[in-house]
Amino acid sequence: MTTVIVGGGIVGVTAALYLLKKGAKVILVEKCGVACHSSGKAGGFLTDGDSGWHSGSIGRLAKRSFALHEELAKELGAEKIGFRRVKCLGLGSAEKPPGEAGIPQPAWLAKEYQRDMGNESGLAQVTPYKLMEALQEAITKQGCEIVIAKAVGVEVDGDTVKSVKLQMPGKTTSISCSAVILGMGVWAREAAAWFPESTLPQSTVGSRYTSVIWDDSDVGRDATMVFTMGDEHTEIYPRSNECYANGCPSQPELPDDPLEIQPPAEEIEKVKVESIAAVPRLKDATVIRSTACFLAGSDDNRPVVGRVPKTSNAIIACGGGCWGILNGPAMGEAAAALALGEEPPIDMGAFDPMRFDSSYVPTVAKDLPPKLMALVAQNPDLAEALRQDPERIMNILAMMQD
């Protein structure tokens, strides 16, 4: 039988890759094209799980995914996908102790940007659209069928999804499946109506960001990322072939068609102003293109990865947020494992969609002593906190027990 993956972003495509490597048959369904939304427009800044950018379950997810990015770079070609180790500077003075060397400041960067935000030991970058092109080539060579259609529902028998319903120009059809992976990004909220007796995230649309890309490869030679820390939250990611910047988070309505998502002229201008203030030479550089995309979120702003509650063969993987490209491979890998009935390589319990069910208490809480279990049962707010962030609350309860 076939695993059907709904969504051609980094989560869906990496899930396809890891399924194919295990001999599975895969059909990927995408409404307009692989990487037509955020996975083809994002910045591609990568941080490992040990560099201070993440902690707890997110830190473990980032560490696994960072390692997978390195494996993909070896497999697909680092230069081909724009993968390399990088440094990062922000607004402010150097914070290194006297006598300790900091990050050399590139000549093209305004002098106000000296704050050390990390180096090659824990930071890297990838060019998302190049990565996605290489991944698409890899999965099609291994036999993945890509179907351009809009998924509009599922056919369920008991707890088993039997097929995925598709809408194409002039007709509606369906594809039989042995498992389905919902890697739908910001559109994942649509799946909640497909499983009315289950608990899935309802708020999967985050902020829209506008990006501007200049024809300037010289800034990329220093492999230094720049966080402007300005009002528009602009971040600048020089690449070997261009200079990318994004910012201006806003909350407009999400269109159904990804190709309708366009950057407003005023937001383009704001990103340009903050970028040029940090990198003055961009004032004279040619703008190659400007784009916009939405971050994929969830009701509690954390990734959602796990089996769709009350089903045996449906998996959801969404909500990567601003770290969607970073954590996409690990989320895709976990979804692929679950579709095959296997355990993911790392514990994904903190991201289980069951946490959105008010009657659910995480399995980890079953080990609590009776008195602490009674405390949880008598305090709805504590039970809700335990569902949303089991690791942190369990640590607090453990300290209370001590």
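This is a predicted model: local features need pLDDT of at least 70, side-chain atom pairs count only at pLDDT 80 or more; totals for chains, interfaces and linings use all residues.
Helix H2, covering residues 56-76, packs against helix H4, residues 128-141, at an angle of about 65 degrees. H2 and H4 are therefore roughly perpendicular to each other. Their axes lie 11 Å apart, and the crossing of H2 and H4 is left-handed. On the H2 side, the contact is made by His 69, Leu 72 and Leu 76, while H4 brings in Leu 131, Ala 134, Leu 135 and Ala 138.

The next pair is H1 and H6. Helix H1 runs over residues 10-21 and helix H6 over residues 324-339, and the two pack at an angle of about 45 degrees with their axes 7 Å apart. The crossing of H1 and H6 is right-handed. From H1, the contact draws on Ile 10, Val 11, Thr 14, Ala 15, Tyr 18 and Leu 19. Among the residues that H6 supplies are Gly 324, Gly 328 and Gly 332, along with Pro 329, Met 331 and Glu 333. The tally for the contact of H1 with H6 comes to 10 nonpolar, 4 polar and 1 charged.

Then there are the cysteines. The structure holds 1 disulfide, and that bond joins Cys 32 to Cys 36, with an S to S distance of 2.4 Å. The torsion about the S-S bond is about 95 degrees, so the disulfide of Cys 32 and Cys 36 is right-handed. What of the exposure of its two ends? Cys 32 counts as partly exposed because its relative accessibility is 26%, whereas Cys 36 has a relative accessible area of 15% and is therefore buried, the cut-off being 20%.

Cys 243 is in no disulfide, and the nearest cysteine sulfur, that of Cys 88, sits 13 Å away. With a relative accessible area of 1%, Cys 243 is buried. Cys 293 is in no disulfide either; here the nearest cysteine sulfur belongs to Cys 36 and is 11 Å away. At 9% relative accessibility, Cys 293 counts as buried too.

Technical notes: Residues are numbered from 1 along each chain as its sequence is written. Side-chain values use heavy atoms; hydrogens and water are left out. Axes are lines fitted to C-alpha atoms, for helices over the stretch in contact, and angles run from 0 to 180 degrees between N-to-C directions. Helices (H or I, at least four residues) and strands (E, at least two) are DSSP runs, numbered from the N terminus. Angles under 35 degrees count as roughly parallel, over 145 as roughly antiparallel, 65 to 115 as roughly perpendicular and the rest as oblique. A crossing is left-handed if the near helix is turned anticlockwise from the far one by less than a right angle, and right-handed if clockwise. Contact means heavy atoms within 4.5 Å. Ala, Val, Leu, Ile, Met, Phe, Trp, Tyr, Cys and Pro count as nonpolar, Asp, Glu, Lys and Arg as charged, and the others, Gly among them, as polar. A disulfide is a pair of cysteine sulfur atoms within 2.5 Å. Buried means under 20% relative accessible area, exposed over 50%, partly exposed in between (1.4 Å probe, protein chains only).
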